[in-house]
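Morning, everyone. Please have a look at the next slide before I start.

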Amino acid sequence: MQRLAPSILILLASACSSPATGPAPGELAASWSGRDQGSGRLEARAILCDRDSTLQIIAHQGDRGVGMAIHLASATPGPGQFTFVHPETQFITRPSATGAYRFLTVEALHPYISRDGQVELTEVGPGWVSGSLVMTLSAQSGPDTVVVRGRFSQVPMDTTVTPCGLAPLTPLEIP
């Protein structure tokens, strides 16, 4: 049996281990498995819409994107866990979350919507949120599924976007 040189063992060990550092501020470090497989660091941003108590987190990198709408129990977000539900549920209970994932190939855009899983807000600071997620998604057409796992760190949270959220526009907000 041949022995491997110590430098090769170190390279093999580092290739099999996860990164020691988490996501940088403003990033979602994620992996996805299923029909689409891979991992990456996606640029993330958040919009807090207090008019309907929804926190939207959107992350993208190239031809991939992850989106979440966290349906809060109140207008002010705080640490907590939110279960993903199917976004076409007639009545979304609070607190909960809905999500989406998409990727693009030469042939088509492949959209997926949340089926189950959980997002956790671990920290909410002045103008930012951090947390983690595990989300199982189903293809909008077909039987395919994708699982997205990740952590996000100090994602900037904008509170000035109007109109925002899911509530109907008021007469003053109609362009």
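I'll take the salt bridges, then the aromatic rings.

This is a predicted model, where local features need pLDDT of at least 70, side-chain atom pairs count only at pLDDT 80 or more, and totals for chains, interfaces and linings use all residues. Residues are numbered from 1 along each chain as its sequence is written, and side-chain values use heavy atoms, with hydrogens and water left out.

Salt bridges, then. The term means a side-chain nitrogen of Lys or Arg within 4 Å of a carboxyl oxygen of Asp or Glu. The whole structure has four. One of them joins E27 and R41, at 3.3 Å from N to O. E27 sits in strand β1 (residues 27-34) and R41 in strand β2 (residues 38-49), so this bridge ties together parts 14 residues apart in sequence. Strands here are DSSP runs (E, at least two residues), numbered from the N terminus.

Next, D36 and R64, at 2.9 Å. D36 is in the loop between β1 and β2, R64 in strand β4 (residues 64-71). Both D36 and R64 are buried. Buried means under 20% relative accessible area, exposed over 50%, partly exposed in between (1.4 Å probe, protein chains only). Shared partners join D36, D63 and R64 into one network.

Now the rings. How many aromatic pairs does the structure hold? Four. Rings of Phe, Tyr and Trp (its six-membered ring) pair if their centres lie within 6.5 Å; planes under 30 degrees apart are stacked, over 60 edge-to-face, the rest tilted. Y101 and F103 are tilted, at 6.1 Å and 40°. F103 and Y112 have planes at 20°, so that pair is stacked. W32, Y101, F103 and Y112 form one aromatic cluster.

How values were computed
Helices (H or I, at least four residues) and strands (E, at least two) are DSSP runs, numbered from the N terminus.
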